[in-house]
Amino acid sequence: MSHNPHYKQIWQTVCAIPAGKVASYGQIADLAGLPGRARLVGKSLGYIPSDMSVPWYRVLRSSGQLAFPKGSEQAMKQTGLLQDENVAVLSNRVKLASFQWQPTLEEMLWKLQQ
DNA sequence: TAAGTGACGATCG
DNA sequence: TCGATCGCCACTT
């Protein structure tokens with residue numbers, strides 16, 4: 001499973017999300033060269049190797065909702081981590097209009113170097 | 001080989 | 001905004 005070469009590409013893309021910003025699963029899939037494979041992104045986040053620090057909590061659903069049910073341990077942790085970066089989380093949801101990451105060409109080129 | 005399963009997305013009511 | 005539905009696709013059983 002973690003042999004899948006696409007996973008590494010996905011993790012690197014997630015690493016390129018700047019602090020204080022968030023991205024959707026579909027957006028990550030697109031940037032990683034896997035358009036339409038949002039579900040694969042979700043899976044890969046569950047397989048992040050422990051020796052890699054990936055800001056998985058900056059990835060949300062396309063609606064801005066957290067991927068986990070409100071009140072779950074994971075959701076509370078994710079909410080805390082996002083608020084530490086000044087991202088407002090209200091009722092298990094983030095305002096994408098204010099916090100969604102919009103990659104610039106420079107950021108994309110930087111990502112490709114990694 | 002077929003059926004079940006998801007940290008999803010778009011659409012509809 | 002919310003839940004139900006369907007389409008989607010890699011992976012598991």
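This is a predicted model: local features need pLDDT of at least 70, side-chain atom pairs count only at pLDDT 80 or more; totals for chains, interfaces and linings use all residues.
**Entry 1**

I call a residue buried when its relative accessible area is under 20%, exposed when it is over 50%, and partly exposed in between. Next I checked Trp56, which at 21% counts as partly exposed. The rings of these two make a pair: the centres of Trp56 and Tyr57 are 5.9 Å apart and the planes stand at 85°, so I noted it as edge-to-face.

**Entry 2: the other aromatics**

How many aromatic pairs does the structure hold? I found four. One of them joins Tyr7 and Trp11, with ring centres 6.2 Å apart and planes at 50°, so this pair is tilted. Both residues sit in helix H1, four residues apart, or about one turn of the helix. That spacing made me recall a rule: an α-helix has 3.6 residues a turn, so residues three or four places apart point the same way.

Are Tyr7 and Trp11 buried or exposed? Tyr7 has 6% relative accessibility and counts as buried. Trp11 also comes out at 6%, and it is buried too.

**Entry 3: the nonpolar cores**

I went on to the largest nonpolar core, which has 17 residues. The ones with the most contacts inside this core are Ile10, Val14, Ile17, Ile28, Val41, Leu45 and Val59. Which elements give two or more residues to the core? I listed helix H1 (5-15), helix H2 and helix H3 (38-45). H1 gives the most, with four residues. Apart from this core lies another, of eleven residues, with Leu66, Val89, Val94 and Phe99 among them.

Beyond the residues up to four places away in sequence, Ile17 touches Val22, Ala23, Ile28, Arg58, Val59 and Trp101.

**Entry 4: Ala29 in H2**

Ala29 belongs to helix H2, which runs over residues 25-31. Its relative accessibility is 0%, so I put Ala29 down as buried. What does Ala29 contact, leaving aside neighbours within four places in sequence? I noted Leu34, Pro35, Arg37, Ala38 and Val41. I also checked the distance to Val14, a residue 15 places away in sequence: the two C-alpha atoms are 9.7 Å apart.

In H3, I found Val41, Ser44 and Leu45 buried. Why do I say that they line one face of the helix? Seen down the axis of H3, the buried residues fall within an arc of 100°, so they line one face. On the other side of H3, Arg39 and Lys43 are exposed. The cover over the buried residues of H3 includes H1, H2 and strand E2 (59-60).

I took a second look at Ser44, which is found in helix H3. At 0% relative accessibility, Ser44 counts as buried. Its contacts, leaving aside neighbours within four places in sequence, are Tyr7, Ile10 and Trp11.

**Entry 5: around DNA strand B**

Last, I turned to DNA strand B.

Of the atoms of DNA strand B within 4 Å of the protein, 42% belong to sugar or phosphate, and the rest belong to bases.

- An N or O atom in the side chain of Arg39 is 2.4 Å from a base nitrogen of DNA strand B.
- Arg61 has a polar side-chain atom 3.0 Å from a phosphate oxygen of DNA strand B.
- Ser62 has a backbone N or O atom 2.9 Å from a phosphate oxygen of DNA strand B.

Note on methods. Residues are numbered from 1 along each chain as its sequence is written. Chains are lettered from A and ligands numbered from 1 in the order in which they are written. Side-chain values use heavy atoms; hydrogens and water are left out. Buried means under 20% relative accessible area, exposed over 50%, partly exposed in between (1.4 Å probe, protein chains only). Contact means heavy atoms within 4.5 Å. A nonpolar core is a set of buried Ala, Val, Leu, Ile, Met, Phe, Trp, Tyr and Cys residues joined through side-chain atoms within 4.5 Å. Rings of Phe, Tyr and Trp (its six-membered ring) pair if their centres lie within 6.5 Å; planes under 30 degrees apart count as stacked, over 60 as edge-to-face and the rest as tilted. The arc is that of the directions from the helix axis to the C-beta atoms. A residue is near a molecule or strand if one of its heavy atoms lies within 4 Å of it. A polar contact is a pair of N or O atoms within 3.5 Å; within protein, one must be able to donate a hydrogen and the other to accept it, and residues adjacent in sequence count only if both atoms are side-chain atoms.
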